[in-house]
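Please study the sequence and the model before turning to the solutions.

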Amino acid sequence: MSQAARALDRIFRAESGAVLATLIRVLGDFQLAEDALQDALASALATWPSSGLPASPAGWLITTARRKALDRLRHSRIVASKAPEIALLAQLERADRSEPSELSPVPDDQLRLIFTCCHPALSSEAQVALTLQVLGGLSIAEIARAFLVNDSTIAQRLSRAKHKIAHAHIPYEIPDRASLASRLHGVLGVLYLVFNEGYLATSGRQLVRGDLVADALRLARGLVELLPDEPEAVGLLALMVLHDARREARIDERGELILLEEQDRGKWDAERIAEGVRLVETALAQLRPGSYQIQAAIAALHAEAATAADTDWPQIVLLYDQLLRYEPTPVVELNRAVAICFADSPERALALVDDLAGRGVLSSYAPLYLARADLLRRLGRNDEAYECYRHALSLAENEQVRRFIERRLREK
Amino acid sequence: MKYLLLIYEAEKVWAAMSKEEQGSIFNEYMTLTEDFAKSGKMSACEPLEPTSTATTLRVRNGKPTSVDGPFAETKEQLGGIYVIDVKDLDEAMAWAARIPAARTGSIEIRPVMKFD
């Protein structure tokens, strides 16, 4: 890749969401905006190496793309038969004459685009793929690689989603006050899913897919800049930063998973932890708690403990009690049970886990059996622990997690 | 933008309700339909007779055959439709959420095809 191509790639990744967002508003058409942006990128690649980088690359791309859209509309043979396109063409031509100055990205446009990409009428897979492509600037091949599916599956998913946006008239709008909180929750869910897919890949060889973690962090930072007064958005960013601060310590030199308890805390990124803690405090100070803020507060308590033994487990149990009010799910109950093991006793924790297992709702969830096996091991019930690890192994899909369980099985 | 709202609900749920419950839901439909009509955004509203009155017809090789009942056995049956003309999917979803059957059954929101 030439230097110009590399610069373009970097700029594209950082700014494509912003550029595309404003283009969609200016052009009023998702597909036309994407095509025009591709044209503008081709121009950039052809002219920037000799002319040098423009003062505002994003502004240059928007202005050029608008002109390219104008060309496309003028040359389109069907233009004569389509009234909306004629009106758009006229409007663009007027704008082209009256606004010779450069357009620049508008933050509200990016928010509109985020809410369109994460609209609840789209499937969750489609929301993730759209967000990564449209806002994150990832290619179809990159998204396919990240989720271990083939290119054509992702391409199809994206084209179906864009077709639905156009034909079902999914709005390009910031939701009104009444529905903002619930819609924002959906957006945060998509970003967290991307992060988790990177942080603890559900399947495949690698434990951490660093690229997806970086993409999710970048998107979450962008969202917090757009919505600084939404504490849940800040809470999610804090949660991601705090998890990511422990990245180096989670895997040993052979690529094996290390549990939180056994991690070398010297390898934790102190600066990032400080940033995460600061973010949690900013969010909680707004006195509008929510599930991401509470999860971040739990992560902060873990991150602030100098040793595993110093962890403030009673406080963590209290936070899980709070979390259950917002997210009454069996997975949260399981995490709370694990905290009870340290705050109280493995016996009490095991009773809670057995109760969960008895309800059958997590019967194919490997972490349930891993937690149960660990509690049995702590209680010295080694034969039962062994059986339970074997069952967890039969359910675990991530290669590193499987190797971790196999290690435990060998320790018997 | 026109949308067809298809109201699906298990007929036996309705049949199992008391007269009072049926009356209160009927009143809810009346209020909703009046609101729709007043907004000027409704172009059709048709409650349907139960599927026990349905006939499914097919023409194969030019020969019509008909069978008693709806074409598929499903848990929920089509009970009625609204056709509305609103700004976008969000507005359609907001109206659909007010249909009583949304609480017990489901509402399918289908954009009406535009030819341009």
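Helices (H or I, at least four residues) and strands (E, at least two) are DSSP runs, numbered from the N terminus. The model is predicted: local features need pLDDT of at least 70, side-chain atom pairs count only at pLDDT 80 or more, and totals for chains, interfaces and linings use all residues. Residues are numbered from 1 along each chain as its sequence is written, while chains are lettered from A and ligands numbered from 1 in the order in which they are written.

**Exercise 1.** State how many helices and strands chain B has, and describe the chain as a whole.

*Solution.* Step one: chain B contains four helices and six strands. Step two: along the sequence these elements follow the pattern β-α-α-β-β-β-β-α-α-β. Step three: the C-alpha atoms of chain B fill a box of roughly 50 × 45 × 20 Å along the principal axes. Step four: 15% of the 116 residues of chain B count as buried; a residue is buried if 20 or more other C-beta atoms, placed from the backbone, lie within 10 Å of its own, exposed if 12 or fewer, and partly exposed in between.

**Exercise 2.** Determine whether Met93(B) is buried or exposed.

*Solution.* Step one: Met93(B) belongs to helix H3 (residues 89-96) of chain B. Step two: Met93(B) has 20 C-beta neighbours inside 10 Å and therefore counts as buried. Step three: Glu108(B) is 15 residues from Met93(B) in sequence, and their C-alpha atoms are 9.6 Å apart.

**Exercise 3.** Describe how strand S3 (residues 55-60) of chain B pairs with strand S4 (residues 63-68) of chain B.

*Solution.* Step one: two strands pair if DSSP finds at least two bridges between them. Step two: S3(B) and S4(B) pair in the antiparallel sense over six bridges, with Thr55(B) opposite Asp68(B) in S4(B). Step three: the hairpin has two residues between the strands, and Asn61(B) takes a positive phi near 50 degrees there. Step four: S3(B) is hardly covered, as the count of buried residues among its six residues is zero.

**Exercise 4.** Identify the buried and exposed residues of helix H18 (residues 382-395) of chain A.

*Solution.* Step one: Ala385(A), Cys388(A), Tyr389(A), Ala392(A) and Leu393(A) are buried in H18(A). Step two: their arc covers only 145 degrees around the axis, which puts them on the same side of H18(A). Step three: Asp383(A) and Ser394(A) are exposed on the other side of H18(A). Step four: the buried residues of H18(A) pack against helix H17 (366-378) and helix H19 (399-410) of chain A.

Methods: The arc is that of the directions from the helix axis to the C-beta atoms. Two residues are in contact if their C-beta atoms, placed from the backbone, lie within 7 Å.
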